[in-house]
Amino acid sequence: MFAVYAKEANLEDPLASLVIGERPDPIVKEGWVRVKVTHASLNRHDIFTLRGLTAQEEPIPFPMILGNDGAGLLDDGTPVVLYPVMGTDSWKGDETIDPHWHVLSELVPGTMADYVAVPKRNAVPIPEGLSALHASLLGTAWLTAYRALFAKSRLIPGQTLLVQGASGGMSTALIQMGRAAGFEVWATTRNDEGAAIAERLGANRIFRHGDPLPRRVDAVVDSIGAATWADSLKAVKRGGVLVINGITTGHAAETDLLRIFVEQIDIRGTIMGTLEEMTAMMQFVIRNNIEPEVGAVVPMTEAGEAIRDMIEGRTRGKTVFTR
């Protein structure tokens, strides 16, 4: 079958690992289903895979088909969206706490292919009111953003949220859902294009990275990492919350420990979300008439240029590949 995959780990030149070609059809194990992929969205995680980076104890078994997220059709024609988190069959409760959790394209082939095989529970019928295009981008960035806002930030309507970033997939999700939830949303950006996107999506105020803020905020969600960490820490008010859910610019950052304990700042990490949260998020998106920001819709056969754009920092909103 057709597939977009990483042939090996290449830390310094991830594009050199990218292959657009053929891979064997997926093996459908007992209790799993086959999904014919119609849409698959691009995530920063795909760049990590090309580089050979993973948080799992097991190394990535290359060659590995890329793609955490997607939507498609079961063999009986049922439209489904893929919940990307998998783990131990016997695990009960929060899937992200399972010591053996992983996502599509880490230990099993991902969604950038004609077909993908997943456990039955990971193929979720697409609810009425949500297109396959928009469903296909909800599994990673949007799910992580949803959990950051509604399970981690402690924000209530009327309070102020600072989003580090304005135009990437995570940032646009935070802005759109934050506004729908009734938060006052501030966003930071490096350029006029990002500012225009944030304004169009409903951000109340927009600042350049590093500019002084008029006041400190109730919560910051930072998916950028090292480059914005010090500013995020300074931006949180006494007793506020700083949620870290990404490391676009690196994972190692100096931290002012004095500020954390004197200001009683609550630092909370989060990643992905539960199946229950994904179901709730889809209903939240439908109920609030949110149209997730799609930056580009590209045939999967042309994935290489879109992946290059993400590596070089030109991605706006979510990129979705179609078959």
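Trainee: Why is Glu263 called buried?

Mentor: The model is a predicted one, and within it Glu263 has a relative accessibility of 11%. Buried means under 20%, so Glu263 counts as buried.

Trainee: What makes the contact of Glu263 with Arg216 a salt bridge?

Mentor: The side chains of Glu263 and Arg216 meet at 3.1 Å, N to O. A salt bridge requires a side-chain nitrogen of Lys or Arg within 4 Å of a carboxyl oxygen of Asp or Glu, so a pair at this distance qualifies. Glu263 lies in the loop between α7 and β16 and Arg216 in the loop between β13 and β14, so the pair ties together parts that are 47 residues apart in sequence.

Trainee: Why is Arg216 called partly exposed?

Mentor: The relative accessible area of Arg216 is 34%.

Trainee: What parts does the salt bridge between Arg147 and Glu277 tie together?

Mentor: The N to O distance of this salt bridge is 2.8 Å. Arg147 lies in helix α3 and Glu277 in helix α8, so the pair ties together parts 130 residues apart in sequence. With a relative accessible area of 7%, Arg147 is buried; Glu277, at 16%, also counts as buried.

Trainee: Why are β13 and β16 said to stand at the edges of their sheet?

Mentor: The open sheet has 6 strands in the order β13-β12-β11-β14-β15-β16, with parallel pairing. β13 and β16 each have a single partner strand, so one side of each is left without a neighbour in the sheet. Neighbouring strands are turned by 20° against each other on average, direction ignored.

Trainee: How do you know that β12 and β13 pair?

Mentor: They are joined in the parallel sense over 4 bridges, and at least two are needed for pairing. Ala187, for example, has Ile206 in β13 as its bridge partner. Helix α4 packs on the sheet, touching β11, β12 and β14, and its direction makes about 165° with that of β11.

Trainee: What makes Val221 a buried residue?

Mentor: Val221, which is in strand β14, has a relative accessible area of 0%. The limit is under 20%, so Val221 is buried. Beyond its neighbours within four places in sequence, its contacts include Leu161, Val163, Leu174 and Val243.

Trainee: Why is strand β3 described as largely enclosed?

Mentor: Of the 10 residues of β3, 8 are buried, so the strand is largely enclosed by the rest of the structure. It pairs in the antiparallel sense with β9 over 5 bridges, and 4 bridges join β3 to β5, again antiparallel. A further 3 bridges join β3 to β18, also antiparallel.

Methods: Residues numbered from 1 in each chain as written. Predicted model: local features only at pLDDT ≥ 70, side-chain atom pairs only at ≥ 80, totals over all residues. Heavy atoms only, no water. Helix = DSSP H or I, 4+ residues; strand = E, 2+ residues; numbered from the N terminus. Axes fitted to C-alpha atoms, helices over the stretch in contact; angles between N-to-C directions. Contact = heavy atoms within 4.5 Å. Buried < 20%, exposed > 50% of the residue type's maximum accessible area, 1.4 Å probe, protein only.
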